[in-house]
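Reader: I would like to go through the labels used for this model. Please set each one against its rule.

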Amino acid sequence: MSLRELIVERARTRGPLTFAEYMDLALYHPELGYYTGAAQQSGRAGDFFTSVDIGPVFGHLLAVQLAEMWPMVDGAATRFDLVEAGAGNGRLARDILDAAVETPPFYDAIRLHLVERSAAARHAQAAVLAAHLPTIASSGPDLPDMIRGVIYANELLDAFPVHRVTMTHDGLREIHVDADGGHVVERLEQVRTAGLAEYLKDLGVAIPVGSRAEVNLLALQWLRSAARRLERGFLMLIDYGDQAARLYGAAGRQGTLTAYHRHTDATEPADWLDAPGDWDLTSHVDLTSIVACAERHGLQCLGALDQTYFLLGLGAAEIAGSAGDGRAGLTKRLAVKTLLQPGGLGSTLKVLLFGKGVGTPALRGCSQGTRLT
């Protein structure tokens with residue numbers, strides 16, 4: 001049975017699915033989901049690019065920030081939990097560790113925890129991280145219970161299943177997924193997901209009539225869990241996102257949900273809705289709600305800024321300037337330019353930094369200012 005057939009059958013027997021239920025199946029069904037079917041979906045041979053696909057420079061710059069955080073977590077600096085959520089096959093962790101090995105005391109303190117739902121991706125981690133196997137403390141689908149160090153995630157929250165809503169002349173409606181013959185279609189239904197209306201009310205924003213939006217309740221659930229499990233240290237999130245007022249308040253806006261397949265993006269459901277499992281689905285994260293939730297659960301926001309300013313603070317310009325001549329130098333300079341590009345990865349990706357039990361240190365990644373554009 002195909003994933004489309006499975007969803008059609010479920011809708012027929014149980015009624016329309018919330019969009020979050022549909023998206024969870026499309027991305028994470030154990031056998032047929034987009035992310036669970038392969039160890040890696042990004043890169044030139046995949047469907048989209050991430051900062052990791054640009055080359056090792058991104059991981060090397062993150063290692064600079066992590067090395068600064070290391071002694072702030074543990075004065076003795078003897079053990080440092082490095083937890084990557086949404087670790088995939090381990091490429092970003094490898095790039096970070098390749099840089100960390102240049103500072104032996106830091107490298108020796110690292111206990112790496114790889115958190116990844118996809119069994120195929122987890123299976124690939126040992127080969128990708130072959131040079132660093134002694135640092136791996138765990139690999140599994142869930143965050144460790146007690147963490148003293150840093151939890152970091154690159155493009156994790158934007159891939160969480162979201163609920164979709166639209167404002168009509170009769171009030172807020174929730175977009176569901178239903179069966180029409182053998183096909184998958186959208187249906188407008190009364191809001192039946194607990195928390196959706198309250199989420200928007202708490203933000204104090206009104207969705208204009210005719211506009212659509214996404215609500216990422218699972219991101220807040222994950223954040224509460226991360227805050228609880230982080231005993232002392234930092235949380236570093238890098239994701240596509242925007243302030244709530246811009247996500248929800250613009251008249252005529254149709255949301256940020258986008259589907260990717262072979263480096264082609266589509267926003268119209270007719271292009272991807274009936275082909276679950278074939279397309280990556282993603283939506284921008286509501287940064288306002290993430291920060292508010294984190295602070296309600298014991299974390300302190302230390303910075304919220306564009307990736308451009310974050311990486312400049314970590315020395316991106318210096319890396320480009322010292323890259324040297326020849327093909328390798330040109331490749332490195334182009335990689336840095338791509339990571340910093342306004343209108344591209346540099347400004348569409350945002351960095352949120354939180355601390356717990358570490359005070360309010362002036363982190364190097366925030367040294368160029370904490371600006372969100």
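Author: Start with a pair. Arg148 and Glu231 form a salt bridge, with their closest N and O atoms 2.8 Å apart. This is a predicted model, where local features need pLDDT of at least 70 and side-chain atom pairs count only at pLDDT 80 or more, while totals for chains, interfaces and linings use all residues. Residues are numbered from 1 along each chain as its sequence is written, and side-chain values use heavy atoms, with hydrogens and water left out.

Reader: Why is the pair Arg148 and Glu231 called a salt bridge?

Author: The rule asks for a side-chain nitrogen of Lys or Arg within 4 Å of a carboxyl oxygen of Asp or Glu. Here the closest N and O atoms are 2.8 Å apart, so the pair qualifies.

Reader: Which parts of the chain does the pair link?

Author: Distant ones. Arg148 sits in strand S5 (residues 147-154) and Glu231 in strand S10 (residues 230-242), 83 residues apart. Strands here are DSSP runs of E, at least two residues long, and helices are runs of H or I, at least four, numbered from the N terminus.

Reader: What makes Arg148 partly exposed?

Author: Buried means under 20% relative accessible area, exposed means over 50%, and partly exposed lies in between (1.4 Å probe, protein chains only). Arg148 has 34%, so it is partly exposed. Glu231, at 36%, is partly exposed too.

Reader: How do you know that Asp178 is buried?

Author: Its relative accessible area is 15%, so the label is buried. Asp178 forms a salt bridge with Arg187, the closest N and O atoms being 3.1 Å apart. Arg187 is partly exposed, at 32%.

Reader: Why does Arg79 count as partly exposed?

Author: Arg79 has 46% relative accessibility, so it falls in the middle class. Its side chain meets that of Asp81 in a salt bridge (3.4 Å, N to O). Asp81 is buried, at 5%.

Reader: How many salt bridges does the rule give?

Author: Eleven. There is also a network of salt bridges that links Arg164, Glu186 and Arg212.

Reader: What makes S11 and S12 a pair?

Author: Two strands pair if DSSP finds at least two bridges between them. Three bridges join S11 (residues 258-261) to S12, so they pair, and they run antiparallel. Ala259 has Ala266 in S12 as its bridge partner.

Reader: Why are S12 and S13 said to stand at the edges?

Author: The open sheet has three strands in the order S12-S11-S13, with antiparallel pairing. S12 (264-266) and S13 (280-282) each have a single partner strand, so one side of each is left without a neighbour in the sheet.
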